[in-house]
Each structure stands twice: as structure tokens, then as C-alpha cells.
Amino acid sequence: MKHRSMTVMRSGMILVSAALFAGLVWMLWRRIPWAAVRYGILALCAAIYAVVGLWAWYQRRQVELFADDLCETLDALISGRTPEGFHPYEDSLTAKVQGKLLQYFDIMNEGKRQSQRDKETIQGLVSDISHQVKTPIANIRMFTGILLQHELPREKQEQFLSTMEGQVEKLDFLLQSLIKMSRLETGTFTIHMEEANLADTIARAMSTVWAKAEEKEIQLLADCDASFTVRHDPKWTAEALGNILDNAVKYTPAGGSVSVTVRPWQFYTRVDITDTGIGIKKEHYNDVFQRFYRAEEAAAQEGVGLGLYLANGIITRQKGYISVSSKVGKGTTFSVYLLS
């Protein structure tokens, strides 16, 4: 409504101005007696009218060219090609509008690319999940079929049921790990940073592997100042350290040791987790952080290859990082760097 009223006011002002100008010309025409002067004034008025008309045509032509340039730019962006006649460094209205359109187009393209990446991530997750759950489900179905179709001794039934329970636990562990992985990759993983006691976090992580370590008679050691604090997420950092400790206990022979040492390191706090396990070949240092990676020498051990992948993702999202050094047959050290 405001735009329309302004247009009406402008049109009215133009009409009033034209009427006043015509009236002035008419008065001069009647009052001046000399014909030569009259025709001179008439010629001057005609010239003024021609200049105004030419200027109006020029302005209209400029608007048409501006519209054509914008249409060409939009057509080029829609078809995915670079607009013709675009001069980004030219100080003109057309160049400025084209620049804004290209900037908006780049933003939309990045959103489209991110959407495609998210789609591929979800497809990869679905594929990984279907592949990983296939074996436990097949085992459960097989043992269920045997129990339903055959009369077995009580001892054999208990053996099959115990095996099925183990498969269910494995399936539950796998699904929990996959849920954490999907949250990590789809951006729904939330970190709550706070200044917290690091010794408590380490104790929480070590408690998750204490029973396994005792079963294998592996000695667990920790060297951390009880009053030492660092900014981190206690819950998820304990999860990451627990995953590394679980790997250390899993791949350390009975009677070995796993130690945790904390010390300052430049701008970071360094947490070393050292074991006396089977070790990792140098060419596989980066591979161990890939999801579902299992080395040939680790195939006999239970696991799905997600622990170190999750640990790396958790620490990275706290602006830290993890490094590894190892000697095959002697042991491995995973160093976790938390930003101080």
C-alpha cells in the first residue's frame, strides 16, 4: 500500500508539473508579440521535450539492460555455468547484484553438497549396521531353530542358551556402539566442557576394564595428581579413555601390565596409556582409528573395530588429538592430548 501511494503521488506531481509548464508556455506565447521570439521559444520547448524524452528512453534502456543481465546471471546459475559478462571488480550496480547472487548460489550449493555428504554417511551407516548385525542374528536364529525342532538333553540346552545369551550381549554391545557412532557422524553428539578433576575421569575409565584385567592377571597402574584439573567433558572423555584401555587389556597377554601416566605437554595435558601387548605395525597407525578396522593378528579377539574410532572422534571434538607409537611384540602407547 505504501509503495502504491508513493507511485500515485509521483504520477500526480509529474502531471501537475507538465500542466504548469504548458500553461507557462501558453502565457509567453500570447504575451510576446514578435513571431521570431515565439518560434524561438517553441523551438526551445521542443528541444527540452526531446532531451527529456531521450533521457527517459535512456533510463528505460538501462533498466532493460540491467534486467537482461540479471536474467542471464540467473539462467547461468540455474544451468550450473559461469555467467557471461560478469565483472566482479567493476563498481556498478549490476556487478554488485550479480556478486550477491553468486554468493547466495555458492551458499546454496554448499548446503546441497553437505546434504549429499550426510546422505552418503547415513547410507554407509545403514550398510555397516546391516553387515555387523548379520552374524549374531544368524547365530541366534540357528540355535533357536535347533532348540525348537530337536529334543536335546538338559545339559545341551543350557549350553545352547548360554551361547545365545552371549550372542544377544554381543548384539547389544554392537548396537550401542553403532548408536554412538551414528551420533558422532551425524553431528548429534554433544560435548559439555567443564573444569574437572582428571584423576576422577581416569578412575572412571579404569573401572570399566578392572574385571577383565583381573581375569587376565594384568596389572593396572595410574600416575596422576589427585588435584589436577583440566577443561574437558568427564563423561565422554572417560568413554574415550575406557575404549583405549579396553583395547590395551584385550591385546595384552596374561600377566602383562597397562599403565596410565598424566603430564603437561606444551599447550596440552598428555595422557599416556601404555601396554605390554602385541603391538601395532607402523603402517597401520592411522588404520586403527578407522571404523570397523581389525588387524589380522587381532581377528581372534572379540570386538567390532569401533572403540578407537569413537575415542578419536570424542577427543577431536574437544579440540584435542590422539597419537600412537608401538613396537610389535613389545607393546603400544596411545597418547591423548587434551587442550589445557
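**The aromatic cluster**

Mentor: In this predicted model, one aromatic cluster is formed by Trp-265, Tyr-268, Tyr-321 and Tyr-337.

Trainee: How many aromatic pairs does the structure hold?
Mentor: There are 6 aromatic pairs in the structure. Among them is the pair of Tyr-268 and Tyr-337, which is edge-to-face, with 6.2 Å from centre to centre and 80° between the planes.

Trainee: Where in the chain are Tyr-268 and Tyr-337?
Mentor: Tyr-268 belongs to strand β5 (residues 268-275) and Tyr-337 to strand β7 (residues 331-339). The two residues are 69 residues apart, and their pair links distant parts of the chain.

Trainee: Is Tyr-337 buried or exposed?
Mentor: Tyr-337 has 6% relative accessibility, so it counts as buried. Tyr-268, at 21%, counts as partly exposed, because the cut-off for buried is under 20%.

Trainee: And why is the pair of Tyr-321 and Tyr-337 stacked?
Mentor: The ring centres of Tyr-321 and Tyr-337 are 4.3 Å apart and the planes lie at 15°, so this pair is stacked. Stacking requires planes under 30 degrees apart. This pair also links distant parts of the chain: Tyr-321 is in strand β6 (residues 321-327) and Tyr-337 in strand β7, 16 residues apart.

Trainee: What does Tyr-321 count as, at 34% relative accessibility?
Mentor: With that value, Tyr-321 counts as partly exposed.

Trainee: Changing topic to charges: what sits over the ring of Trp-265?
Mentor: The charged end of Arg-270 does, 4.6 Å from the centre of the Trp-265 ring.

Key
Residues are numbered from 1 along each chain as its sequence is written. This is a predicted model: local features need pLDDT of at least 70, side-chain atom pairs count only at pLDDT 80 or more; totals for chains, interfaces and linings use all residues. Side-chain values use heavy atoms; hydrogens and water are left out. Rings of Phe, Tyr and Trp (its six-membered ring) pair if their centres lie within 6.5 Å; planes under 30 degrees apart count as stacked, over 60 as edge-to-face and the rest as tilted. Helices (H or I, at least four residues) and strands (E, at least two) are DSSP runs, numbered from the N terminus. Buried means under 20% relative accessible area, exposed over 50%, partly exposed in between (1.4 Å probe, protein chains only). A charge sits over a ring if NZ of Lys or CZ of Arg is within 6 Å of the ring centre and within 35 degrees of the ring normal.
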